[in-house]
Amino acid sequence: MGTVHARSLDPLPMQGPELGVQADDMDLGEPEQEEKQEVLENKDVVVQHVHIDGLGRTKEDILTYEVADVFRAKNLIDVMKKSHEARQKLLRLGIFRHVEVVIDTTEGADALPNGLDVTFEVKELRRMTGSYNTMVGNNEGSMVLGLKLPNVFGRAEKLTFQFSYGTKETSYGLSFFKPQPGHFERNFSINLYKVTGQFPWSSLRETDRGVSTEFSFPIWRTNHTLKWEGVWRELGCLARTASFSVREESGHSLKSSLSHTMVIDTRNSTILPRKGALLKINQELAGYTGGDVSFLKEDFEIQLNKTLFWDSVRCCGGNYCLCLFIAVFYLGGPTSVRGYSMYSIGPQSEGDYLGGEAFWAGGLHLYTPLPFRPGRGGFGELFRTHFFLNAGNLCNLNYGEGPRAHLSKLAECIRWSYGAGIVLRLGNIARLELNYCIPMGVQSGDRICDGVQFGAGIRFL
């Protein structure tokens, strides 16, 4: 039998001569070869050897875990399936430029009549790679330059330096990533960074210099992240007209916090999902591992998506955050409660928005194809018509009162809005929205955007 090449490991035809081998390549005059082919197609096979060709600085022990399941295959189709899964695992490590698979019959003195050899032909990434791209998030754009050293010590470690220059934020950071052999989802990372941002709605300039360590791991259908972060934060006034309340917050602080995040995500896309659900729960505790900032923060996020008639999608979701002691949340803008200006809901002083200690926000959305389906099956599929209803509130809390009083305060003076527009999905990177918004429940001091509002980002309410 000739070699069976499965370059992309797409499913081969189940009908026709020799599972995809052309008739011209067959020697019909050799009954022994036909008999061997029947053994491979219709009977059990044994994977005797798995080879990985093309390794340079990569250590073989980390790859053994990724290809071990290939030995458990019992027939040719199972071999192809498990080889495809192993190929995906090898690519997921982020150390190979490409991986190809060759399945052949075993030769040599120890060859079994139904024996197979599987060879993975790999090409490693260069020791250093660079990148340049743009990023959209939270209604701002950034230019990002990156330098990456993949597979630093030969076991899928990664050292990354990144510089980002944006319209409101500039940052640079250095990170080291290390996965657990055989369990890529379990990984450890350490990060050093500096971030400088401007917040014109609060007349604030903030500079954070920090270090963080993270350990991520799955449990059943959930993904968890444990994180420690230490941040030296410097707040300053962005303008001479900054309010006295903002000036009081200026200065230096040191935060040391522990946090835990749990995520269940079954959505088919993070940008514009058509089905699936998201549940994200985050807790952060600061002040018990050092520093001069103390708080307890709880953050819940939920989203449900369901495909309806005529290729339309219904989405409903919400976000609730509560902080005890000192921390600030902001609300409003094209990525949260639409119809309001960026972070312009809640307490304010002399035109500067101060944020609050608790907030909630929710939304109900309907996404439908464009009228008359222009560009159906092509470019037009990137656009969706958007109808929405948003609501939310933000306030400060009196810690002497109980939870019932806190909920009652969050239920007062609810801001809400409704409207319609068009959504453009930019691949799996970001999405753009152009909506006509009608804000309701406006309170004194709120800044609204009554009419057309443009939004760009990754996460939307």
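1. S203 is found in the loop between β9 (183-199) and β10 (204-219). Helices and strands here are DSSP runs (H or I, at least four residues, for helices; E, at least two, for strands), numbered from the N terminus. Although S203 is not a glycine, its phi is positive, at about 55 degrees. Most residues other than glycine have a negative phi, and most peptide bonds are trans. S203 is buried, because its relative accessible area is 9%. In this note buried means under 20% relative accessible area, exposed means over 50%, and partly exposed is in between (1.4 Å probe, protein chains only).

2. This is a predicted model, in which local features need pLDDT of at least 70 and side-chain atom pairs count only at pLDDT 80 or more, while totals for chains, interfaces and linings use all residues. Residues are numbered from 1 along each chain as its sequence is written, and side-chain values use heavy atoms, with hydrogens and water left out.

3. On confidence: the protein averages a pLDDT of 86, and 90% of the residues score at least 70. Over residues 1-32 the pLDDT is below 50, yet this stretch has 41 contacts in the model beyond near neighbours in sequence. The score is the predictor's confidence in each residue, from 0 to 100; a contact means heavy atoms within 4.5 Å. Where pLDDT is low, the predicted coordinates should not be read in detail.

4. C413 sits in the loop between α5 (403-410) and β20 (415-426). With a relative accessible area of 43%, C413 is partly exposed.

5. How many disulfides does a search of the whole structure find? The search finds zero, a disulfide being a pair of cysteine sulfur atoms within 2.5 Å. For C315, the closest cysteine sulfur is that of C316, and it is 6.5 Å away, so the two are too far apart for a bond. C315 counts as buried at 7% relative accessibility. C237 counts as partly exposed, because its relative accessibility is 23%.

6. The structure holds 23 salt bridges. The criterion is a side-chain nitrogen of Lys or Arg within 4 Å of a carboxyl oxygen of Asp or Glu. Side chains of opposite charge can pair when their charged atoms come close.

7. One of these salt bridges joins R92 and E66, with 3.9 Å between the closest N and O atoms. R92 lies in helix α3 (residues 76-92) and E66 in helix α2 (residues 60-67), so the pair ties together parts that are 26 residues apart in sequence. R92 counts as partly exposed at 33% relative accessibility, whereas E66 counts as buried at 3%.

8. D208 and R233 also form a salt bridge through their side chains, at 3.2 Å from N to O. What does this pair tie together? D208 is in strand β10 and R233 in strand β11, so the pair links parts that are 25 residues apart in sequence. D208 is buried, with a relative accessible area of 12%; R233 counts as partly exposed at 26% relative accessibility.

9. E381 and R373 form a further salt bridge, their closest N and O atoms being 3.3 Å apart. Salt bridges that share partners join R274, D311, R373, E381 and R384 into one network. E381 counts as partly exposed at 22% relative accessibility, and R373 counts as partly exposed at 24%.

10. K227 lies in strand β11 (residues 222-237) and counts as partly exposed at 25% relative accessibility. T213 is 14 residues from K227 in sequence, and their C-alpha atoms are 5.7 Å apart in space. Neighbours within four places in sequence left aside, K227 is in contact with S212, T213, E214, S257, L258 and S259.

11. S341 is in the loop between β15 (313-325) and β16 (348-349). Is S341 buried or exposed? S341 counts as buried, because its relative accessibility is 18%. Not counting residues up to four places away in sequence, S341 touches G332, G333, R447, I448 and C449.

12. L147 is located in strand β6 (residues 140-150) and counts as partly exposed at 35% relative accessibility.
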